[in-house]
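Subject: Structure for your review

Dear colleague,

Please find below the structure that I am handing over to you. My findings follow it, and I would ask you to read them with the model open beside the text.

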Amino acid sequence: MKVLVYSDDANTRSQIRLALGRRPAADLPLIEYVEVATQPAVVARLDEGDIDVAIVDGEAQPAGGLGVCRQAKDEVYDCPPMLAIIARRDDGWLATWSRADAVLSLPLDPMALANSVADLMRRRAENRLPAL
């Protein structure tokens, strides 16, 4: 399954990859990571339709991950489940506004990240719509 990781910070993308690993659960296939650093790249990859789960960094600049998530939920046909990573717990309301399917706050807990992504991967496998 393909997991898109969006952050303008290469270190943040690396931390997400390392915390999640290659397989979040034994019943799921290996993850193929797609790393992107800009909002246009996120839109382009999601429009291709081959992304199964997206992880967005709420602190990304200049386009924050929560705004990117909201845009994707509004504009992308069969938008994949999205996990938002926020820096402050008080940003939870903004993550709700973004319509993210799951939210985690920093610092990342590898077990919580793996469990959240595994749930989203299972949901995607069950609910994927046919291509147009």
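This is a predicted model: local features need pLDDT of at least 70, side-chain atom pairs count only at pLDDT 80 or more; totals for chains, interfaces and linings use all residues.

**Helix α2**

The buried residues of α2, which covers residues 39-48, are V42, R45 and L46. These buried residues fall within an arc of 100 degrees when seen down the axis of α2, so they line one face of the helix. The partners against which the buried residues of α2 pack are β1, β2 and α3. Just after the helix, G49 has a positive phi of about 85 degrees.

**Helix α1**

Which residues of α1 are buried? In this helix, made of residues 10-20, they are T12, R13, I16, A19 and L20. Seen down the axis of α1, the buried residues lie within an arc of 135 degrees, and therefore line one face of the helix. The face turned away from that buried side carries the exposed residues N11 and L18. The buried residues of α1 pack against the strands β1 (2-6), β2 (32-36), β3 (53-57) and β4, and also against the helix α5.

**Helix α3**

In α3, the buried residues are G65, L66, V68, C69, A72 and K73. Their arc, seen down the axis of α3, is within 160 degrees, so these residues too line one face of their helix. The cover over the buried residues of α3 includes β1, α2, β3, β4 and α4 (92-97).

**Two loop residues**

D78 is found in the loop that runs between α3 (65-75) and β4 (82-86). Is D78 buried or exposed? The relative accessible area of D78 is 17%; a residue counts as buried when this value is under 20%, and D78 is therefore buried. Apart from its neighbours within four places in sequence, D78 is in contact with R124, N127, R128 and L129.

L108 sits in another part of the chain, in the loop between β5 (102-105) and α5 (110-127). Not counting residues up to four places away in sequence, L108 touches Q15, I16, A19, I85 and L113. Two of these, I16 and A19, are among the buried residues of α1. L108 and A87 are 21 residues apart in sequence, and their C-alpha atoms are 9.6 Å apart in space.

**The chain as a whole**

The protein chain has five helices and five strands, and along the sequence they follow the pattern β-α-β-α-β-α-β-α-β-α. The radius of gyration is 13 Å, close to the 14 Å that the globule rule gives for 132 residues, so the chain is as compact as a globular protein of that length. The C-alpha trace spans about 35 × 30 × 25 Å along its principal axes.

Buried residues make up 45% of the 132 residues. Of the contacts with a separation of 6 or more, 69% are between residues 24 or more positions apart. The chain exposes about 6,700 Å², of which carbon and sulfur atoms supply 52%. Finally, there are 15 positive and 20 negative side chains, and the centres of the two sets lie 3 Å apart.

Yours sincerely

Notes:
Residues are numbered from 1 along each chain as its sequence is written. Side-chain values use heavy atoms; hydrogens and water are left out. Helices (H or I, at least four residues) and strands (E, at least two) are DSSP runs, numbered from the N terminus. Contact means heavy atoms within 4.5 Å. The radius of gyration is taken over C-alpha atoms; the globule rule is 2.2 Å times the number of residues to the power 0.38. Buried means under 20% relative accessible area, exposed over 50%, partly exposed in between (1.4 Å probe, protein chains only). Accessible areas come from the Shrake-Rupley method with a 1.4 Å probe; for residues, only the protein chains shown count as cover. Lys and Arg count as positive and Asp and Glu as negative; His and the chain ends are not counted. The place of a charge is taken as NZ of Lys, CZ of Arg, CG of Asp or CD of Glu. The arc is that of the directions from the helix axis to the C-beta atoms.
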